[in-house]
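Reader: I'd like to learn how to read charged side chains in a model like this one. Could you walk me through it?

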Amino acid sequence: GKPSVHPETLVARAGGAVDEQFGSVVPPIFPSAPYRRDATGRYLGGHSYSRDQNPTFDPAERLLTELEGGADALLFASGMAAASAVLEALSPGAHVVVPSAMYWTIRRFLEELGAAGRLDVSFIPTGDLDALGGALRPNRTELVWVESPANPRGEITDLCAAAEMAHAAGARICADGTLATPVLTRPLELGCDLVLHSATKQLNGHADVVAGALVAAERDAFWGRVRHERGMRGGILGPFEAWLLLRGMRTLYLRVRASARGAMDIAEALVRHPAVVGVDYPGLPDHPGHAIAARQMTGGFGPVVSFRLGSPERARALASSLRLFHDASSLGGVESLVEHRAVVEGEGSPVPDDLLRLSIGIEEPADLIEDLIRALDGLSP
Ligand code: PLP
């Protein structure tokens, strides 16, 4: 059922997780791999062995289930492990429809699975519903993958419409909600079947954990296969990381809203600077996905702002002259980062070679803007 308090309250209290034995307000970590049976041979708390399920996962999975309005959640060793579990749960050779601009490692992995014949992959322009309609094969397509906003250029997909189209064709739809988090978008409420998170990003929020999560709308047979995949492949999250993740999630609403506010201010400041060739941020009125984003997202447009500088040399020069942005991969932490994306994504990337991606943390936006303007002013004309 629906939680009786606001989600802000729910996360601040870690979903109500406390230790029943000592009353500790912070829930404990359970490092044990094995769990004892009682005299009748039953497991005391239902846990048997930590490759299948660890009690430290339970409160984080319950909290994610509630935040997304789902039926169940699973933690994984990384966002990629979560994505792999979904793809492995498909039948051999299954037809999947995926966006051409999306988080690059998942895209690359899909390309590899397609080339190996493991999956039959149709790439479509991100967010293009006509292309989705053309690519779907009724009663043959097993999965539609969407990511909104997409990393790094913030392309928006109408999740309601995409879910309706997927379901009409008999396909399941999985939304990568990493950039939005349940604070800004709840894909299951918009009709998606699964939502994926790189919990490494804003869910944990402090850049000190690699983790992934999936939340399901239903505990159906497919979800049973996903759970089975996690146990069989065994690439699970460690209990210490699961504990840190729950600790980080307590401030989720504060961080996500602060980052989104800062990102909006920074996007607007970048638009005004003559050295900037273009800014990609779904909060900007001229972003192609803005109208849908404004409807589908609540309370902001996420922490990622990308912008172009006209040449890869200028992008490189700017990245290395910023003082308050670490030049590093990843996003969604409390400290702001900058990255020259095309260099990371390599050959075949749809990302322009003059694009810098910013991940906005929770610093004072005025300081970040000052740093950016100083660096932009310093670029040679
Ligand atoms: N999805 C998105 C949108 C991402 O940005 C990332 C990582 O950057 C992932 C998935 C993969 O997550 P992880 O790095 O935790 O494996």
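Author: Gladly, and keep in mind that this is a predicted model. Side chains of opposite charge can pair when their charged atoms come close. Here, Arg374 and Asp371 meet in a salt bridge, with 2.5 Å from N to O.

Reader: How many residues apart are Arg374 and Asp371 in helix α14?

Author: They are 3 residues apart, which means about one helical turn separates them. Asp371 is buried at 5% relative accessible area, whereas Arg374 is partly exposed at 30%.

Reader: Which parts does the salt bridge between Asp72 and Arg219 tie together?

Author: In that pair the closest N and O atoms are 3.7 Å apart. Asp72 belongs to strand β1 and Arg219 to the loop between β7 and α8, so the bridge ties together parts 147 residues apart in sequence. Asp72 is buried, at 9%, while Arg219 is exposed, at 60%.

Reader: And is Glu339 buried or exposed?

Author: Buried, with a relative accessible area of 6%. Its partner is Arg357, at 3.4 Å between the closest N and O atoms, and Arg357 is buried too, at 3%. Both residues also belong to a salt-bridge network that includes Arg107, Arg108 and Glu111. The count for the model is 21 salt bridges.

Reader: Which residues form the negative surface patch?

Author: Asp265, Glu268, Glu364, Asp367 and Glu370 form that patch. Helices α10 and α14 each supply at least two of the patch residues. Asp367, found in α14, is partly exposed at 41% relative accessibility.

Technical notes: Residues are numbered from 1 along each chain as its sequence is written. This is a predicted model: local features need pLDDT of at least 70, side-chain atom pairs count only at pLDDT 80 or more; totals for chains, interfaces and linings use all residues. Side-chain values use heavy atoms; hydrogens and water are left out. Patches are made of residues with over 30% relative accessible area and no salt bridge: like charges are joined within 9 Å, nonpolar side chains (Val, Leu, Ile, Met, Phe, Trp, Tyr) within 5 Å. Accessible areas come from the Shrake-Rupley method with a 1.4 Å probe; for residues, only the protein chains shown count as cover. A salt bridge is a side-chain nitrogen of Lys or Arg within 4 Å of a carboxyl oxygen of Asp or Glu. Lys and Arg count as positive and Asp and Glu as negative; His and the chain ends are not counted. The place of a charge is taken as NZ of Lys, CZ of Arg, CG of Asp or CD of Glu. Helices (H or I, at least four residues) and strands (E, at least two) are DSSP runs, numbered from the N terminus. Buried means under 20% relative accessible area, exposed over 50%, partly exposed in between (1.4 Å probe, protein chains only).
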